[in-house]
Amino acid sequence: MVEPVRFWRRHVRWLWLSLMSFTALMLLIAYQTRWVYPEIHAYFSQSGNLTGQQLATRARGYLQEGLDLLLQSPRDADTRQRARFQIKLAYSLFDIGLYRREYDCTGPSLVAMDRLLQRLQGDAPVEASHLRESLLEPMRCLTRIEMHQLDRRSAVTSEFVEETRRHQGQVLGGSLVIFVLGLGFWFMHELQRRRAAKSARESLEWMTRALRDPLTGVGNRSALHDDVVASQGRAMGMLLVDIDYFKQYNDSLGHPDGDRLLRRLVQLIEEALAHEARLYRMGGDEFAVLFDCLDDEVLSETCRGVIEALRAADIPHPSHPHSAHVTFSVGAVRFTASHAELDAGYAAADAALYQVKTQGRDGWAIATSNTSKVAG
């Protein structure tokens with residue numbers, strides 16, 4: 001009789017441990033279901049929404065399209081209406097409570113855009129001064145909003161990752177308890193923990209891809225901001241490179257050929273600068289080139305080298321009004337790397353690029369403190 005009693009006692013003890021292990025597992029699963037999964041789900045459910053940065057990016061894109069149209073044919077009635085439509089789209093995305101509450105440049109920018117819309121609605125002429133007053137400041141404001149919203153998103157992402165790591169540590173502690181009580185239940189939990197870790201890695205990979213342009217593989221506007229901030233205090237040079245009559249190129253040959261031209265432009269610039277500069281696609285056919293630049297002579301030589309390399313490529317352009325080949329316009333500036341200087345430097349380079357466009361394209365200009373000089 002003794003052996004059967006010992007047998008049952010031994011099995012009852014293991015049955016009790018199994019029940020405790022099962023209870024601990026249920027508590028762990030309840031914890032994950034109640035706290036961890038809702039946080040992960042909430043984060044990813046928001047990642048695809050049109051939030052601050054994305055709205056600002058779209059609005060700036062519409063403004064750029066409207067500006068391009070007005071630069072091409074400022075007196076053509078149909079072009080004016082198309083440009084007005086693009087600016088109205090930008091206005092509708094710009095005019096939201098979030099921007100009005102948090103960014104003091106929103107109100108004046110909307111007023112400037114509204115004045116331009118009224119001018120476009122009538123027959124009043126649209127001069128370059130009107131475009132500078134009504135579009136450049138809103139575009140700078142939208143760029144500021146994009147960068148600020150990106151910083152905010154990065155902070156939220158970091159907080160999410162840290163919170164996820166904290167939960168993972170608690171889950172790991174629970175898994176060790178379950179391992180002591182029952183190896184099988186611990187193994188089931190370990191599979192679940194690895195799934196959570198994989199979700200966190202995928203989130204970080206997604207954020208990394210968000211800093212690259214998917215078409216050309218170079219950085220985007222957000223990456224330019226990050227790289228400038230990381231180079232705080234260094235003397236930098238920046239070129240804005242724009243393809244002349246890119247829309248006509250697309251209309252003649254199709255968007256696939258247009259995409260190939262953009263990738264070819266990246267390759268030519270990288271070869272011209274011996275891969276010593278960083279490239280960024282700012283949107284459409286406009287690219288930024290960032291490099292170390294100690295003086296104006298280096299900046300001039302870089303501009304000249306890029307333009308000569310692009311011209312030497314002799315890329316055919318069937319719809320170019322003045323040339324049989326693709327031409328390019330370049331605006332350049334030298335600045336000291338910082339968040340504030342980036343905004344000012346970008347605006348100066350953009351103004352120099354605009355001057356090249358207004359004086360016939362196919363050239364380059366370097367922005368100085370108040371003026372820029374166009375060179376062929």
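Analyst: Tyr-99 is buried, with a relative accessible area of 0%; buried means under 20% relative accessible area, exposed means over 50%, and partly exposed lies in between, using a 1.4 Å probe and protein chains only. The model is predicted, so local features need pLDDT of at least 70 and side-chain atom pairs count only at pLDDT 80 or more, while totals for chains, interfaces and linings use all residues. Residues are numbered from 1 along each chain as its sequence is written, and side-chain values use heavy atoms, with hydrogens and water left out.

The ring of Tyr-99 pairs with that of Tyr-103: the centres are 6.2 Å apart and the planes stand at 70°, so this pair is edge-to-face. Rings of Phe, Tyr and Trp (its six-membered ring) pair if their centres lie within 6.5 Å; planes under 30 degrees apart count as stacked, over 60 as edge-to-face, and the rest as tilted. Tyr-103 is buried too, at 2% relative accessibility.

The structure holds two aromatic pairs. In the pair of Phe-94 and Tyr-99, the ring centres are 6.1 Å apart and the planes are at 70°, so it is also edge-to-face. Phe-94 has a relative accessible area of 0% and is therefore buried. Through these ring pairs, Phe-94, Tyr-99 and Tyr-103 are linked into a cluster.
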